[in-house]
Amino acid sequence: MDNCLFCKIARGEIPSRKVYEDDEVFAFHDINPARPVHILVIPKRHITSLATVGDDDAPVLGRMLAVANKLASESGSPDGFRVIINNGRVGGQEVQHLHAHIVGGPEPVGPMLKRV
Ligand code: 5GP
Ligand code: ZN
(Lines give C-alpha, C1' and ligand atoms only; values in the text may rest on other atoms or scores of the structure.)
(Ligands and ions follow the chains in the order given, each with its own letter.)
Protein backbone atom coordinates (compact mmCIF):
# COMPACT_ATOMS: atom_id res chain seq x y z
CA MET A 1 0.00 0.00 0.00
CA ASP A 2 1.83 3.04 -1.31
CA ASN A 3 0.04 5.64 0.75
CA CYS A 4 -0.44 3.82 4.05
CA LEU A 5 1.19 5.48 7.08
CA PHE A 6 2.15 2.26 8.84
CA CYS A 7 3.38 0.62 5.63
CA LYS A 8 5.69 3.62 5.27
CA ILE A 9 6.85 3.25 8.87
CA ALA A 10 7.50 -0.47 8.35
CA ARG A 11 9.56 0.35 5.23
CA GLY A 12 11.51 3.04 7.10
CA GLU A 13 10.19 5.80 4.83
CA ILE A 14 8.69 7.60 7.82
CA PRO A 15 10.80 7.65 10.98
CA SER A 16 9.69 5.88 14.13
CA ARG A 17 11.23 4.77 17.40
CA LYS A 18 11.66 1.12 16.51
CA VAL A 19 11.71 -1.45 19.31
CA TYR A 20 11.66 -4.69 17.32
CA GLU A 21 11.66 -6.04 13.79
CA ASP A 22 11.70 -9.48 12.21
CA ASP A 23 10.74 -10.79 8.80
CA GLU A 24 7.00 -10.49 9.50
CA VAL A 25 6.36 -7.81 12.11
CA PHE A 26 7.61 -4.34 13.07
CA ALA A 27 7.16 -2.69 16.49
CA PHE A 28 7.63 0.95 17.46
CA HIS A 29 6.66 3.42 20.16
CA ASP A 30 3.30 5.13 19.75
CA ILE A 31 3.79 8.81 18.93
CA ASN A 32 1.18 9.85 21.51
CA PRO A 33 1.51 7.34 24.37
CA ALA A 34 -1.49 6.66 26.59
CA ARG A 35 0.63 4.91 29.24
CA PRO A 36 4.36 4.93 30.12
CA VAL A 37 4.76 1.92 27.83
CA HIS A 38 2.80 2.16 24.58
CA ILE A 39 4.13 0.13 21.68
CA LEU A 40 2.46 -0.64 18.37
CA VAL A 41 3.08 -4.02 16.72
CA ILE A 42 2.17 -4.23 13.05
CA PRO A 43 2.44 -6.78 10.26
CA LYS A 44 5.00 -5.59 7.70
CA ARG A 45 2.63 -6.70 4.95
CA HIS A 46 -0.43 -4.50 4.69
CA ILE A 47 -3.50 -5.89 6.47
CA THR A 48 -6.28 -3.37 7.03
CA SER A 49 -7.85 -4.86 10.15
CA LEU A 50 -9.04 -8.12 11.69
CA ALA A 51 -12.11 -7.69 9.47
CA THR A 52 -10.00 -8.48 6.41
CA VAL A 53 -7.82 -11.36 7.59
CA GLY A 54 -7.91 -14.88 6.22
CA ASP A 55 -6.42 -18.22 7.20
CA ASP A 56 -3.14 -17.27 5.52
CA ASP A 57 -2.72 -14.42 7.99
CA ALA A 58 -2.79 -16.66 11.07
CA PRO A 59 1.03 -16.95 11.34
CA VAL A 60 1.64 -13.19 11.35
CA LEU A 61 -1.23 -12.62 13.78
CA GLY A 62 0.34 -15.18 16.07
CA ARG A 63 3.73 -13.51 15.76
CA MET A 64 2.25 -10.14 16.75
CA LEU A 65 1.08 -11.69 20.04
CA ALA A 66 4.08 -13.95 20.51
CA VAL A 67 6.49 -10.99 20.69
CA ALA A 68 4.29 -8.89 23.00
CA ASN A 69 5.58 -10.14 26.35
CA LYS A 70 9.22 -9.69 25.39
CA LEU A 71 8.62 -6.16 24.08
CA ALA A 72 6.59 -5.13 27.13
CA SER A 73 9.15 -6.55 29.57
CA GLU A 74 12.10 -4.97 27.85
CA SER A 75 10.36 -1.60 27.53
CA GLY A 76 9.40 -1.14 31.18
CA SER A 77 6.31 -3.27 31.79
CA PRO A 78 7.69 -6.48 33.33
CA ASP A 79 4.68 -7.27 35.51
CA GLY A 80 2.05 -7.51 32.81
CA PHE A 81 0.57 -5.44 30.04
CA ARG A 82 -2.56 -5.06 27.96
CA VAL A 83 -3.01 -5.75 24.26
CA ILE A 84 -5.65 -3.74 22.41
CA ILE A 85 -6.62 -4.08 18.75
CA ASN A 86 -9.15 -1.54 17.53
CA ASN A 87 -11.09 -2.56 14.43
CA GLY A 88 -13.22 -0.43 12.15
CA ARG A 89 -15.60 2.37 13.02
CA VAL A 90 -17.14 0.73 16.06
CA GLY A 91 -13.74 -0.30 17.38
CA GLY A 92 -12.41 3.23 17.00
CA GLN A 93 -9.62 2.34 14.56
CA GLU A 94 -7.93 5.49 13.30
CA VAL A 95 -5.06 4.07 11.24
CA GLN A 96 -6.23 1.59 8.63
CA HIS A 97 -3.28 -0.80 8.94
CA LEU A 98 -3.73 -3.52 11.55
CA HIS A 99 -1.86 -2.78 14.77
CA ALA A 100 -1.78 -4.17 18.29
CA HIS A 101 -1.31 -1.64 21.07
CA ILE A 102 0.84 -2.96 23.91
CA VAL A 103 0.23 -0.73 26.90
CA GLY A 104 1.65 -0.88 30.38
CA GLY A 105 4.24 0.50 32.71
CA PRO A 106 4.96 0.25 36.41
CA GLU A 107 1.31 0.71 37.45
CA PRO A 108 -1.89 -1.09 36.40
CA VAL A 109 -3.41 0.33 33.24
CA GLY A 110 -6.88 0.51 34.83
CA PRO A 111 -10.34 -0.83 34.04
CA MET A 112 -10.73 -2.50 30.69
CA LEU A 113 -13.78 -0.54 29.52
CA LYS A 114 -16.21 1.82 31.13
CA ARG A 115 -19.45 -0.13 31.55
CA VAL A 116 -22.51 1.47 29.98
P1 5GP B 1 -5.94 3.36 16.55
O2 5GP B 1 -6.84 4.42 17.11
O3 5GP B 1 -6.01 3.28 15.05
O4 5GP B 1 -6.11 2.01 17.20
O5 5GP B 1 -4.48 3.79 16.96
C6 5GP B 1 -3.62 4.53 16.13
C7 5GP B 1 -2.41 4.88 16.96
O8 5GP B 1 -1.38 5.27 16.08
C9 5GP B 1 -2.64 6.03 17.94
O10 5GP B 1 -2.36 5.58 19.27
C11 5GP B 1 -1.67 7.10 17.47
O12 5GP B 1 -1.08 7.83 18.52
C13 5GP B 1 -0.65 6.30 16.69
N14 5GP B 1 -0.01 7.02 15.58
C15 5GP B 1 -0.66 7.75 14.63
N16 5GP B 1 0.23 8.26 13.76
C17 5GP B 1 1.46 7.87 14.19
C18 5GP B 1 2.79 8.09 13.69
O19 5GP B 1 3.02 8.76 12.68
N20 5GP B 1 3.81 7.52 14.39
C21 5GP B 1 3.58 6.75 15.50
N22 5GP B 1 4.67 6.24 16.11
N23 5GP B 1 2.35 6.52 15.99
C24 5GP B 1 1.30 7.07 15.34
ZN1 ZN C 1 -0.37 -0.48 5.43
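Author: Donors are N, O and S atoms within 2.8 Å of the metal. The model discussed here is predicted.

Reader: How are the donor residues of the zinc ion (ligand 2) spaced in sequence?

Author: The protein donors are C4 (SG), C7 (SG), H46 (ND1) and H97 (ND1). They lie 2.0 to 2.3 Å from the zinc ion. Written as a pattern, their spacing is C-x2-C-x38-H-x50-H.

Reader: What is the geometry of the site of the zinc ion (ligand 2)?

Author: There are 4 donor atoms, with angles of 106 to 117 degrees among them. Four donors count as tetrahedral if all angles lie between 85 and 135 degrees. The site is therefore tetrahedral.

Reader: How many residues apart are C7 and H46?

Author: C7 sits in helix 1 (residues 5-10). H46 is in the loop between strand 3 (37-43) and helix 2 (58-66). The pair links distant parts of the chain, and the separation is 39 residues.

Reader: Is C7 buried or exposed?

Author: Its relative accessible area is 3%. Buried means under 20%. So C7 is buried.

Reader: Which class of pair do the rings of F6 and F28 form?

Author: The model has 2 aromatic pairs. In the pair of F6 and F28, the ring centres are 5.4 Å apart and the planes stand at 80 degrees. Planes over 60 degrees apart count as edge-to-face. So this pair is edge-to-face.

Reader: Which residues do ring pairs link into a cluster?

Author: The rings of F26 and F28 have centres 5.9 Å apart and planes at 45 degrees, so that pair is tilted. F26 and F28 are buried, and so is F6. The cluster linked by ring pairs is F6, F26 and F28.

Definitions and conventions. Residues numbered from 1 in each chain as written. Chains lettered and ligands numbered in written order. Predicted model: local features only at pLDDT ≥ 70, side-chain atom pairs only at ≥ 80, totals over all residues. Heavy atoms only, no water. Donors = N, O, S within 2.8 Å, 3.2 Å for Na, K, Ca; no water. Tetrahedral: all angles 85-135°; square planar, octahedral: opposite > 155°, others 65-115°. Helix = DSSP H or I, 4+ residues; strand = E, 2+ residues; numbered from the N terminus. Buried < 20%, exposed > 50% of the residue type's maximum accessible area, 1.4 Å probe, protein only. Phe/Tyr/Trp six-rings, centres within 6.5 Å; stacked < 30°, edge-to-face > 60°.
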